[in-house]
Amino acid sequence: MTGIYDHPWVYELACSFRDVPAETGVLLAWAAEHRTGEHRPGGPPATVLELAAGPAEHAREFARRGLAATALDLNPEMCAYAAGAAKRQGVELAVVRDDMTRFDLGRRFDLIVTMLDSTSHLMTLDAFVAHLRRAAAHLSPGGLYVMEMSHPRDRLGDEPTVSTGWSVERGGVRADVRWGEPSDRLDPVTQIADDHVTVTVEGRGEPLVIRDVVPYRFWSATELDAAVRLAGGLAVVAQYGDFGAGEDAVALTDPGAWRMITLLRAA
Ligand SMILES: C[S@@+](CC[C@H](N)C(=O)[O-])C[C@H]1O[C@@H](n2cnc3c(N)ncnc32)[C@H](O)[C@@H]1O
């Protein structure tokens with residue numbers, strides 16, 4: 001049986017509500033602000049690694065802007081798609097199939113990013129800490145690791161959001177997405193939910209319906225902080241509630257915050 005991650009073009013279409021160039025611009029602004037180097041501040045990053053990159057949209061955008069970009073993902077379909085898309089777009093992208101808890105690329109990067117809650121695929125504290133240690137081991141001195149997670153309010157607020165639905169259309173192809181159903185429950189002990197996912201695509205041949213169950217591990221802000229301290233080698237330098245830099249920065253505590261974006265600097 002294949003799941004949503006085995007259909008990279010459908011996944012990319014489903015996630016096309018994002019403004020990837022704008023987010024990439026903010027990631028670069030944060031790197032300029034928070035990265036340090038031998039001569040402070042660290043200046044614009046030259047190398048970037050996207051972890052659990054899926055179709056590697058951000059890595060491709062970094063490459064388009066002249067950075068030496070690498071994308072890593074466990075899923076072979078995602079890796080093949082990312083490499084093919086980069087080739088079609090004429091951008092240089094190194095693609096590595098590996099596990100974000102175990103990779104060893106033998107080199108370091110000025111900037112590492114993990115986007116769109118991909119750390120929710122780290123199911124245990126051991127996996128999370130192993131992941132943070134691998135990220136730390138791949139950062140240049142003063143380098144920055146940016147982790148985008150969903151906002152804890154989604155699961156801990158007065159009205160927990162266990163299900164979301166949205167529609168997108170690109171080039172006449174439409175996707176109706178349901179990520180999580182109201183009956184999906186977060187296990188109060190393991191903090192894992194089996195999110196039922198349905199994506200319906202119309203406008204490209206026969207209508208296509210993909211149904212999947214995607215395990216999701218909820219990480220709270222305080223658990224994240226504790227995992228970072230346990231892992232060592234990284235320090236939290238900022239947290240934001242959305243993509244916005246400078247005077248557009250959104251605090252994690254802002255009522256309008258809807259992401260938990262953590263900036264970690266190599267200690
Ligand atoms: C929600 S998708 C996000 C993809 C991408 N970060 C984005 O912003 O579109 C999660 C991705 O994590 C990958 N993944 C899950 N577990 C992984 C692991 N242990 N190591 C590397 N990649 C993993 C999946 O294959 C999938 O492509």
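Which residue is the bridge partner of Glu50 in β2? Ala71 is. Before going on, some ground rules.

This is a predicted model, where local features need pLDDT of at least 70, side-chain atom pairs count only at pLDDT 80 or more, and totals for chains, interfaces and linings use all residues. Residues are numbered from 1 along each chain as its sequence is written. Helices (H or I, at least four residues) and strands (E, at least two) are DSSP runs, numbered from the N terminus.

Start with β1, residues 47-51. Four of its five residues are buried, meaning 20 or more other C-beta atoms within 10 Å of their own, with C-beta atoms placed from the backbone. β1 pairs in parallel with β2, residues 68-73, over four bridges; pairing takes at least two DSSP bridges. From β1 the chain passes through helix α3, residues 57-64, to β2, a right-handed β-α-β crossover. Right-handed means that, with the strands pointing away from the viewer, the path from the first strand over the helix to the second runs clockwise.

β1 also runs parallel to β4, residues 109-114, again with four bridges. There, Val48 stands opposite Leu111.

Now the ligand. It has 16 residues around it, and the closest are Ala52, Gly54, Asn75, Met115 and Leu116. Here a residue counts as near if its C-beta atom, placed from the backbone, lies within 6 Å.

Last, Arg174, in strand β7, residues 173-179. Why is Arg174 classed as partly exposed? Because it has 16 C-beta neighbours inside 10 Å, and partly exposed lies between the buried cut-off and exposed, 12 or fewer.
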